[in-house]
Amino acid sequence: MPASRHLFAPGGSLPPPLNDDGRALVSWLQGLGRARRDLYAEFRTAEPGIPAPGPSVVAARREQGRRLYALWCVPCHGETGDGRGPAAALLAVPPRDLTAGRFRFKTTGATEPADDTDLFRLLTLGTGTGAAMPSFAFLEKEDRWSLVLAVRDFAPATRGADLSFRPAPAAAAPAQAPPGPAGDPARGADLYVAWGCAACHGAMGEGKVFDDRSTRGDGEAVVWASTLRHACARRGGGSAASFERALRYGVGASMPSFATVLDRDPDGARAILAWLERGTTAPSPAASDRP
C-alpha cells in the first residue's frame, strides 16, 4: 500500500489533519458493512449492460480517451502503455502491456484481438478482488468508450480506426434460477473434475498458486488460478454469462477454450457454477475417469 500524503492538509502539525478528500474517504470506510454486506458481489454477479457509443467525432473521442488514460491508467500501465508505470513495481502481478494487444477476457479467438465490447466490459467490471485492475463503472459510458479507444490505440494491430460496436448477446440466466439438471450442484461437482478444472483451480474451486511463475508461449506470466467460489474473485465477472464466456473462449495463455465440451453439454457450465456457488461437498474422485 503506497503512502497517501495527498489525503492530508499541508503544514507542520502532528498528526497532520485530513483534507476534504481524506475525511470523505474515512467516512465512507466507516460506513462499510452497515447496509447490505456484499454490494460488490451483487454488482459483479449482474451482467453489465454495454450500450452503443453515442455519436462523436473520432478525433474528439480519441483526445478524451488520452486525457482519461493519463488521469486513471498511467500509474500502472505507463505513459506508453507498456505496463511500466510508476506503481507497477508495487504490484505482485505486472500490469498488462497494452502495446501487445493481448487481453484475457474476450469473445474472440485465441489469436484475434479483443472486441471493443470486451474492453468496455473489462473497464466496467475490473478484474475482481486480489487483482489490481479496478472497476471504472463510476465513469460515464462515453468516457469508458473513449478509454477503450485509447487502450486499443496502443497496439499496432488495432490502432487508428473508430470504435466497432458489437451488441452483446442476451445475458444468460443465473445458475440458481432454472431447476433441474442445468443447475444441479451434484452434477456440477462431477463435471468440475471431469473437465479438468480441479487441476488448476483446486479441488473445491479455491484457486491455486503457481510458485514457479512459469511462462507460456506468448510470454504471459501465470502466477495463480483464481478462486471460483465467489463472484468477486472470478476475474472476468461473476455472472453465469461471464463464466460461460471464460470456458468457451479460454482465458489468455493460461486457460484453453472448452468450446467443444460446451457444445456437447450446453448445460454443463451452469451446473458447475451451481456447485461452486451452492455446493459444500467435494466432487467424487471417480468423476475424473468419466468422459
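I took contact to mean heavy atoms within 4.5 Å. This is a predicted model, in which local features need pLDDT of at least 70 and side-chain atom pairs count only at pLDDT 80 or more, while totals for chains, interfaces and linings use all residues. Residues are numbered from 1 along each chain as its sequence is written, and side-chain values use heavy atoms, with hydrogens and water left out.

**Entry 1**

I looked up Phe 243 and set aside its neighbours within four places in sequence; it is in contact with Arg 234, Ala 269, Ile 272, Leu 273 and Leu 276.

Next I asked for nonpolar cores, meaning sets of buried Ala, Val, Leu, Ile, Met, Phe, Trp, Tyr and Cys residues joined through side-chain atoms within 4.5 Å. Buried is under 20% relative accessible area, exposed over 50%, and partly exposed in between, with a 1.4 Å probe and protein chains only. The largest core has 22 residues, and Phe 243, Tyr 192 and Trp 195 are among those with the most contacts inside it. Helices H7 (185-194), H9 (240-249), H10 (259-264) and H11 (268-278) each supply at least two of its residues, and H11 gives the most, with 6. Helices here are DSSP runs (H or I, at least four residues), numbered from the N terminus.

I also found a second, separate core of 21 residues, which includes Val 74, Leu 119, Phe 136 and Val 148.

**Entry 2: how H11 meets its partners**

I fitted axes as lines to C-alpha atoms, for helices over the stretch in contact, with angles from 0 to 180 degrees between N-to-C directions. H9 and H11 pack at about 120°, with axes 10 Å apart. That makes H9 oblique to H11; under 35 degrees counts as roughly parallel, over 145 as roughly antiparallel, 65 to 115 as roughly perpendicular, and the rest as oblique. Phe 243 and Leu 247 are among the H9 residues at this meeting, with Ile 272 and Leu 276 among those from H11.

The axes of H7 and H11 come within 7 Å and cross at roughly 105°, so H7 is roughly perpendicular to H11. Tyr 192 of H7 and Trp 275 of H11 are among the residues making the contact.

**Entry 3: H6**

How much of H6 is buried? I got 10 of its 12 residues, so H6 is largely enclosed by the rest of the structure. Trp 145 and Val 148 are among the buried ones, and the buried residues pack against H3 (58-72) and H5 (116-125).
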